[in-house]
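User: Can you walk me through this one? I'd like to talk about surface patches and aromatic rings.

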Amino acid sequence: QICNQHNAEAPNLEQVFHRMAQTEPNLDHDVSWFLLPSYWAKMVVALISFLCFANSYDGDFVFDDSEAIINNKDLRAETPLGDLWHHDFWGSKLSSNTSHKSYRPLTVLTFRINYLFAGGFYPVGFHVINIILHCTISVLMVDVFSILLGGLQFSNKGRRLNLAPKTSLLAALLFAVHPVHTECVAGIVGRADLLCALFFLLSFLGYCKAFRENKEGHNFSIFWVLVSVILGAVAMLCKEQGITILGLNAVFDALVINKLNVLELIQKLLHKDKSLENAGLLRKGLLFRITLLMSGGASILYIRWRIMGTGPPAFTEVDNPASFADSLFVRAINYNYYYSLNAWLLLCPWWLCFDWSMGCIPLIKSVSDWRIIALAALWFCLIGLIGQALCSEDSHKRRILTLGLGFLIIPFLPASNLFFRVGFVIAERVIYLPSIGYCILFTYGFSLLSKQAKKKKILAVAVFGILLINVMRCALRSSQWRSEEQLFRSALSVCPLNAKVHYNVGKNLADKGNQSAAIKYYREAVRLNPKYVHAMNNLGNILKERNELQEAEELLSLAVQIQPDFAAAWMNLGIVQNSLRRFEEAEQSYWTAIKHRKKYPDCYYNLGRLYADLNRHIDALNAWRNATVLKPEHSLAWNNMIILLDNTGNLAQAEAVGREALGLIPNDHSLMFSLANVLGKSQKYKESEALFLKAIKANPNAASYHGNLAVLYHRWGNLDLAKKHYEVSLKLDPMAPGTKENYNLLRRKLEQLQKKGG
């Protein structure tokens with residue numbers, strides 16, 4: 001659909017474009033840089049962006065990938081597709097009090113497609129898609145920067161012209177190789193930012209197409225404006241920042257299409273100038289388009305609000321300490337300090353960290369803190385740039401600076417804490433889109449310096465050096481994101497005060513079995529943050545396994561005192577109390593854990609073990625049954641039920657439970673073994689033998705499997721086979737309880753038979 005509205009006082013758009021091309025200075029004129037055809041420029045950008053992050057293709061699932069991908073049930077085929085629209089990014093219901101309200105269903109859908117095509121959780125496919133997305137975005141940036149730096153003009157055939165081929169290539173290269181993008185590309189959960197950026201840029205380019213000349217000579221196309229709004233909605237369904245493109249499209253329309261002078265407009269508004277009706281803002285086309293953008297944005301936000309509900313996301317003080325400060329002054333100072341650090345990461349992306357929370361950046365609590373200098377520097381630069389963007393007599397400078405600041409600031413607003421609390425202090429991924437504004441400002445500054453410099457080639461070599469350093473930094477940082485060990489250890493030098501960094505290093509060591517080293521890092525995490533309940537819980541667990549029960553109990557008791565609804569800590573405290581033979585306290589701790597987490601199969605399993613120790617057999621069976629109802633594949637609970645029923649002489653019931661368990665977990669060799677024992681006692685020797693052999697095939701080095709099969713053959717009268725399996729069992733475990741005695745009995749029996757036979 002084409003808009004056919006005309007304003008007699010508004011200049012014809014064709015004349016505007018022609019005049020723009022002739023009167024505005026060309027940024028490329030004084031820049032000493034590569035001039036390549038559009039196709040080759042895009043090929044170069046794609047290749048270099050690929051080289052920066054190619055070494056991340058075979059990385060593991062790291063950090064947040066575990067929760068967003070591996071533990072996210074929304075990726076699995078058995079989860080209905082419709083659930084994606086009612087769950088957050090992490091797979092929790094949006095209505096849940098614990099939901100972070102990160103509504104990104106389209107990103108989760110791409111994860112699900114990855115999972116289905118790969119046939120499981122194989123990270124290579126996930127990483128390759130991220131690299132391809134970044135390369136695609138970097139290529140699109142060539143077109144975007146050509147418009148933002150060179151203006152929008154079409155040929156007579158309706159083809160868009162690139163009026164700044166050199167500077168648009170430079171800006172696209174700066175974007176492609178910026179090290180701060182590593183988290184988005186090498187970290188799989190960064191796909192939310194990549195997809196958002198892709199549709200963000202497509203929305204912008206679609207909006208530009210609305211002003212392409214056509215045969216009918218109409219001013220603009222409503223169709224492309226609406227396409228732009230839809231693409232903006234798609235961007236928001238990938239990540240929240242996507243909605244900001246509608247505001248940027250409006251800014252672009254006012255500055256580039258209508259050549260609005262913001263300062264002049266403000267002055268006319270203040271003085272109630274009668275000529276205001278001639279101002280660009282009141283042109284029917286601009287007002288109509290801005291109304292479409294605002295209406296579309298409002299509709300998108302309303303639909304999102306209806307889906308998500310009104311409840312705010314649940315964050316803790318350690319996630320974003322400044323937002324919990326009582327003093328408005330402290331909050332304002334620290335928010336601005338965070339902005340300055342984000343700006344510094346764009347300028348000098350050398351110190352990068354996967355997490356900036358938990359004491360990494362101590363709060364500024366007074367004006368005597370030397371870090372106030374960073375705020376002053378930030379606002380000095382911003383005020384200077386804003387002043388030039390508003391007051392410069394050069395319309396070209398006003399346009400580029402305003403667009404640069406717009407792309408720098410507007411996409412960052414959702415992460416600024418101004419409208420709502422966010423769950424982080426600094427997150428490198430959220431400056432993926434704002435870096436577009438940085439690249440515009442850097443490139444414009446380079447063009448101004450080139451204009452003044454006598455030796456332009458030296459300046460070009462310096463910029464080339466910056467690009468080369470960034471490429472090497474990207475490659476190094478990508479290699480650090482390939483594994484959790486490298487990623488977590490790389491943060492120790494950047495954020496030594498961050499308790500979460502030490503916690504993650506410790507957890508990684510504990511997962512690898514290095515408990516002694518893990519204890520050191522867990523203790524440091526607790527020292528840095530004495531209220532870090534997860535570190536206390538994990539440290540308590542390790543101490544429990546090392547039989548250091550007294551300290552384990554102290555840590556776990558403190559954890560539940562700090563966070564009374566911490567179900568895992570209550571359960572672990574119950575295990576420690578059980579080991580200390582304080583059974584009543586242990587039982588109370590288990591029930592408290594279940595109170596705070598209704599569906600807690602592991603806790604029911606441990607409660608069953610407690611009841612079994614107390615000879616409360618019915619209670620134990622009920623607890624284990626609850627565990628299997630909540631988690632049908634809970635092998636330990638099934639096994640304990642079979643063994644308890646077997647030991648108490650309920651062979652028929654034990655057999656029924658064993659068959660039920662194997663029906664649910666058919667390849668579990670421990671269940672085969674337990675059921676085989678029951679069948680052997682019931683004199684169902686053939687079926688028992690088959691299960692023993694199947695269990696041994698699955699786990700041939702289990703001495704008890706061979707030993708119990710030997711007992712079966714011994715009872716059955718297959719003495720040669722019994723002798724063979726007794727010997728295998730003793731070879732695997734010479735100290736196997738009862739096996740040696742049974743073997744000696746068998747040998748004596750065989751000797752007696754030989755004597756009789758002789």
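Analyst: First, a term: helices here are DSSP runs of at least four residues, numbered from the N terminus. And note that this is a predicted model.

User: Fine. Where is Met-472 found?

Analyst: Met-472 is in helix H17.

User: Buried or exposed?

Analyst: Met-472 is exposed, because its relative accessible area is 51% and the cut-off for exposed is over 50%.

User: Which helix gives the most to the nonpolar patch?

Analyst: H17, with 4 residues. Helix H13 (328–347) and H17 (456–480) each supply at least two.

User: New topic. How many aromatic pairs are there in the whole structure?

Analyst: The search finds 30. One of them is Phe-200 with Phe-407, edge-to-face, 6.4 Å centre to centre and 80° between the planes.

User: Where do those two sit in the chain?

Analyst: Phe-200 is in helix H8 and Phe-407 in helix H15, 207 residues apart. Phe-200 is buried at 0% relative accessible area. Phe-407 also counts as buried, at 1%.

User: And how are Phe-354 and Phe-488 arranged?

Analyst: That pair is tilted: 5.0 Å between centres, 50° between the planes. Phe-354 lies in the loop between H13 and H14, Phe-488 in helix H18. Phe-354 is buried at 4% relative accessibility, and Phe-488 at 2%.

User: What sits over the ring of Phe-89?

Analyst: The charged end of Arg-104, 5.0 Å from the ring centre. Phe-89 also belongs to a cluster linked by ring pairs, with Phe-61 and Trp-90 among its members.

Note on methods. Residues numbered from 1 in each chain as written. Predicted model: local features only at pLDDT ≥ 70, side-chain atom pairs only at ≥ 80, totals over all residues. Heavy atoms only, no water. Buried < 20%, exposed > 50% of the residue type's maximum accessible area, 1.4 Å probe, protein only. Phe/Tyr/Trp six-rings, centres within 6.5 Å; stacked < 30°, edge-to-face > 60°. Lys NZ or Arg CZ within 6 Å of the ring centre and 35° of its normal.
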